[in-house]
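Good morning, and thank you for joining this group meeting.

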Amino acid sequence: MPQAAPPPLPEVLDGWVSPELCRDADGEDPPLASEGPGKELVRAEDGRQWREEADDHSVRREDAAEVLRAYGPWLARWRRWAERERAERALRELYEQVYHWHQKLTQQDDQLELVLVTGLLTWSDPRGDAVHRHILTHRVETSVDRKTARLTVRLTAEGAVRLEDQAFLDTDDGWAPERSAALAEEIAAQSLHLLGSETLEHLAQWQERVLQRPVTFSAEWQPPREPEPGARLTYAPALVLRPRDRNALLNFYERIADSVASEAHAPLALAQLVLPLDAEARANWDGREIPPLFGDDPLFPGKTNERQRSVLRRLERDTGVVVQGPPGTGKTHTIANLVSALLAQGQRVLVTSARDQALTVLRDKLPPAVRDLCVLLLSSARQDGADELERTINALTDQVAASDPEQLRDEIRQLAAQREEVRERIATLTEEVISLREAEVYRHPEIAPGYGGVLAAIVQRVRDNAEHHSWIGLVPEDGPTPSSPPLSPAQAAELLSLLREGAAEPRAGGTLPDPDTLPSPEDLSQAIEAGRITDDGLSLEAVGIRDSLAQLDTSVTDDLVSFASDCRTALHHLGLPPNSRRWDTDKWTTNALTARLSRENSAMWRQVYALNDQLTEDGHSPGTPDELDAVLAHLRALSTVDAITRRWAQAGAPPLRRSPGTPTGVLDGGVHAPEAGRRLRCRPRAHRRRPRPPRPAHRSHLTHGLAGLCRCTGGAVGSAGRGRGTYPTGNVGRAVAYTVGGFASRP
């Protein structure tokens, strides 16, 4: 409510009324001076009289008729203004006071609260103790319209009327706690308004039931000016700005302490507040490994700098990180990225703050889609007349009800695919940038005297000598540009020397050859045609390879020729012809080489390569294809025996008994084949030189090498990890015993 200015003085009253007295609405009426500036009558030369204003001339109030006529109406207007000003001054002072409270609450809402109070209890005793406190309170909140500066004070929606006599009274004062608790429950069960008539009834009940001492009750709105010797309870409603009540917080801390004492264990989040724990102690607090906070590819909607990324990296390996910094350094931005990434992984996030403003700023930093998933609970639940908590919950409920899970999954898959394409595009562009940067710093060998080093230096050298070498001309833009000049530096120097000696000048004494000795145009055309490369006898694949090789630089083709020669030598050592069409498809070397060249079964052949030092035959590793073929053939036989044994047991056939004298082999860390006259072993190299004591059946191992080689050849070992069995080597259709994991069966 702005202060209105007093009515302006008419021009005729200038110098007659004091402007300072006009602005004082509480003073007397602004008086009219006894003398003031005026005009006098003078006689003209023709004898006529007329009025003329004279400088520094003053007239008496009685003689200033025009001043008197203007003063009366102006004074009436001034009196109306003064009366209105005195009435609005109290409202203006109240507005300024409440607005000052509003500003303090905005900045210190975690420390202060504004309450509407009634029931002022006052007394003083001879000992000097005095009480001056309201017993009924209700929290209120303030808001200001930025356009009109309208200040609104309203009761909080989530709060209720509280009876706070227990905060300053005890039994020595005659206070009955049980009766007070019962009356507090009755007040909480009703929708009591502190400015209603029901409040007077509850105050009277409190006077009669709770305080066991003489109390005088008054329904006056004005509080007593000073405490009286006897107790007095006055209605006296008021707005009070006070520190927040800490009793609820203390009760909450007491419940936490009781819970920790009963469980004999404190959560890490609470322990970090009271104990100086280092990173290792925090990581091992609960005896379990802390899972990673983010996945391999966290979704950060905002940009991050190195300092912000360091905060996120520390969160990956620690349970808590404290970030300090002045405003504008990106703390809220980092929290917004963190919240978005965790929500994208399906986690729930709780963000707390001492003040409401920090939460609203953080919510505004979030992307719109993430912002709609946030439930905002402020200390003042109502903002701008709307319940923010109820609004966000209703919005989430409507969004869930209107969503189709299958459609959302499809949208997630599409967005994930688009994001992956963008990431691949970023990676490609990054590689291109790196390649361009490497090309800029790559030092090229000298292609001509003085033309070497980085591209920038070569280009600068060309530009510096452009005028001197302008006679050479530009490289034609049509057609492919050769990667190297047609002449080497030595050849160019020789050509220059020949030109200087006149090699290009016509000679007067020269003779032309006889035209009959020259080839005819037809013969020349046939010779050129015969020298051309044709596609006769070549497949389309061979033609494509030939054309691709023809476009390569000679240095590249020279390297390919060298590689082909090395391959031909390696094939010779393997006993294979250079032409792949002549390879024997039944040999394992052909299959291995084919799979290796086509990059098929890479994991399998890596296992075979790793077993190279673990396979032995008669005490030494297989060195020839025939020896390795023998090992593979034996393993195939063992695989066949194992398959027949399992099928025999599944069919429920009677067990077979081994005939006396049937030759058998024992597989226990090795394979014994008496008929073949060989002993095949497959064990780790570290165990070869130590004598191995006999092991029980459940401790024997079927070595990993056998399982790997059987998989390579298409077979399978039945026990694959642990087992001991006796197999026939002369007759694959008969078996006598097989034990797996210590359990024996006789197929």
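Predicted model: local features only at pLDDT ≥ 70, side-chain atom pairs only at ≥ 80, totals over all residues.

**Salt bridges and a helix crossing**

Glu440 has a relative accessibility of 44%, so this residue counts as partly exposed; the term covers the range between buried, under 20% relative accessible area, and exposed, over 50%, with a 1.4 Å probe and protein chains only. Residues are numbered from 1 along each chain as its sequence is written, and side-chain values use heavy atoms, with hydrogens and water left out.

What does Glu440 meet in a salt bridge? The partner is Arg437, at 2.9 Å from N to O; a salt bridge here is a side-chain nitrogen of Lys or Arg within 4 Å of a carboxyl oxygen of Asp or Glu. Arg437 counts as exposed because its relative accessibility is 51%. Helices are DSSP runs of H or I with at least four residues, strands are runs of E with at least two, and both are numbered from the N terminus.

Helix 13, residues 405-441, also holds Arg409 and Glu406, again three residues apart and separated by about one helical turn. Their closest N and O atoms are 3.2 Å apart in a salt bridge. Arg409 is partly exposed at 44%, and Glu406 is partly exposed at 41%.

Let us turn to another pair. Arg89 and Asp26 form a salt bridge of 2.2 Å, N to O. This pair links distant parts of the chain, 63 residues apart: Arg89 belongs to helix 2 (65-107), and Asp26 to the loop between helix 1 (19-22) and strand 1 (35-37). Arg89 is partly exposed at 24% relative accessibility, as is Asp26 at 49%.

The structure holds 19 salt bridges. A network of them links Glu113, Arg133, Arg139, Arg162, Glu164 and Arg242.

Finally, the helices. The axes of helix 8 (residues 306-317) and helix 9 (residues 331-344) come within 10 Å and cross at roughly 45 degrees; axes are lines fitted to C-alpha atoms, for helices over the stretch in contact, and angles run from 0 to 180 degrees between N-to-C directions. Gln308, Val311, Leu312 and Leu315 of helix 8 make the contact with His333, Thr334 and Leu338 of helix 9, where contact means heavy atoms within 4.5 Å.
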